[in-house]
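Please open the model in a viewer and keep the selection panel at hand.

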Amino acid sequence: MASSLIARSMVGLGLGLGIGHRLVRSPLLLPLSSKRLLPSSGSPACFSFRGAPRTFCAMASSSSVGTRYNHSFQSPPTSEPVVSVDWLHSNLRDPDLKVLDASWYMPNEQRNPLQEYQVAHIPGAIFFDVDGISDRITNLPHMLPSEKAFAAAVSCLGIQNKDGVVVYDGKGLFSAARVWWMFRAFGHDRIWVLDGGLPRWRASGYDVESSASSDGILKASAATEAIEKAYHGHDVGPITFETRFRPHLVWTLDQVMKNIDEKSHQQIDARSKARFDGAAPEPRKGIRSGHVPGSKCVPFPQMLDGSQTLLPAEELKKRFEDEGISLDKPVITSCGTGVTACILALGLHRLGKHDVAVYDGSWTEWGGNPDTPVNQSS
């Protein structure tokens, strides 16, 4: 529930609900800079992107939304999956741009993304709970929710179909790619990942915001509560976001099983080579080691440079070609739980492959099923 999300975020922080929010320049984390956060309120920023054509969206309607909208601002092309911190800083005040902090960490990292959001986030950003905005029927982690549940949650976050969305995370480029894929799977193309994420933002000297009970926290709590209501068949309130599900971007276990024989798609695994080969144990108990027969391994860090930004197209292309992957043939990606597989999809998107499917259950589902075939490399 909303209150429980806020309550657990207080643990270990010593933060009260009445603190509000403030801009922070931490001498330990953020270099002092003469850069100011935003232009003056009398001169609102508008979208601009070098080399990008001005795009116009025709009038659209939705029976679930019940309103009509249009927008006509210049934005990055959707063929490019990332934006720079300088671009975001210049456009942060645009009313049709929403920013999401989608930080998520592996359990063994012992990091709490909601607490870190409260300590420091990009001004105006809303927290997107990767574990919370997920399917409530399966026992697999953070699986894609139903259309109704996603529409309800995103509506609670204050996002509409007309909005552009920039998503980032606290590692640089990690879980943000998962949320980028989620929006695209539900038909929203006007979404980009912040290249280098919060670390790059802070290293560039841009201000961050600290808040214990900001509007972003309340919206995140409402989104999680809306997911619960949707799965229990309760009224979820006004819907301002219309989904258009793209099933070809989301693969199931049955499709992966069928593909072993049919080989219609090349399957690429984003896990480490040791886990792929079966030489290293899986971090989750009860999961066998190895890989799907016929799949190939491109560990997700190979998509990134040392500053956790997406590599240039030519370097990305070489990473895939070195593993014998043809960019002219269909691709499906997988990983441990469907998070880092989306980083591979992000890299392939930069190379012009905009229809890459992600196996949502990934190895947690496959390796945990005693009836699925598993190969190990010698």
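pLDDT is the predictor's confidence in each residue, on a scale from 0 to 100. The model is a predicted one, so begin by colouring the protein chain by this value: its mean pLDDT is 84, and 80% of the residues reach 70 or more.

Continue to residues 24-73, over which pLDDT stays under 50 and for which the model shows 104 contacts beyond four places in sequence. Where pLDDT is low, predicted coordinates should not be read in detail.

Now display the open sheet, in which 5 strands follow the order 10-14-13-11-12 with parallel pairing. Its edges are strand 10 (250-251) and strand 12 (296-297), each of which pairs on one side only. Within the sheet, select residues 266-269 (strand 11) and 331-334 (strand 13), which pair in the parallel sense over 4 bridges. Here Asp-269 is found opposite Ser-334 of strand 13.

Finally, select helix 5 (residues 176-185) and helix 11 (residues 341-350), whose axes come within 8 Å and cross at roughly 70 degrees. Because of this angle, helix 5 is roughly perpendicular to helix 11. The crossing of helix 5 and helix 11 is left-handed. To view the contact, show the side chains of Ala-177, Arg-178, Trp-180, Trp-181 and Arg-184 from helix 5, together with Cys-342, Ile-343, Ala-345, Leu-346 and His-349 from helix 11. Coloured by class, the contact of helix 5 with helix 11 comprises 7 nonpolar, 1 polar and 2 charged residues.

Note on methods: Residues are numbered from 1 along each chain as its sequence is written. Side-chain values use heavy atoms; hydrogens and water are left out. Two strands pair if DSSP finds at least two bridges between them. Helices (H or I, at least four residues) and strands (E, at least two) are DSSP runs, numbered from the N terminus. Axes are lines fitted to C-alpha atoms, for helices over the stretch in contact, and angles run from 0 to 180 degrees between N-to-C directions. Angles under 35 degrees count as roughly parallel, over 145 as roughly antiparallel, 65 to 115 as roughly perpendicular and the rest as oblique. A crossing is left-handed if the near helix is turned anticlockwise from the far one by less than a right angle, and right-handed if clockwise. Contact means heavy atoms within 4.5 Å. Ala, Val, Leu, Ile, Met, Phe, Trp, Tyr, Cys and Pro count as nonpolar, Asp, Glu, Lys and Arg as charged, and the others, Gly among them, as polar.
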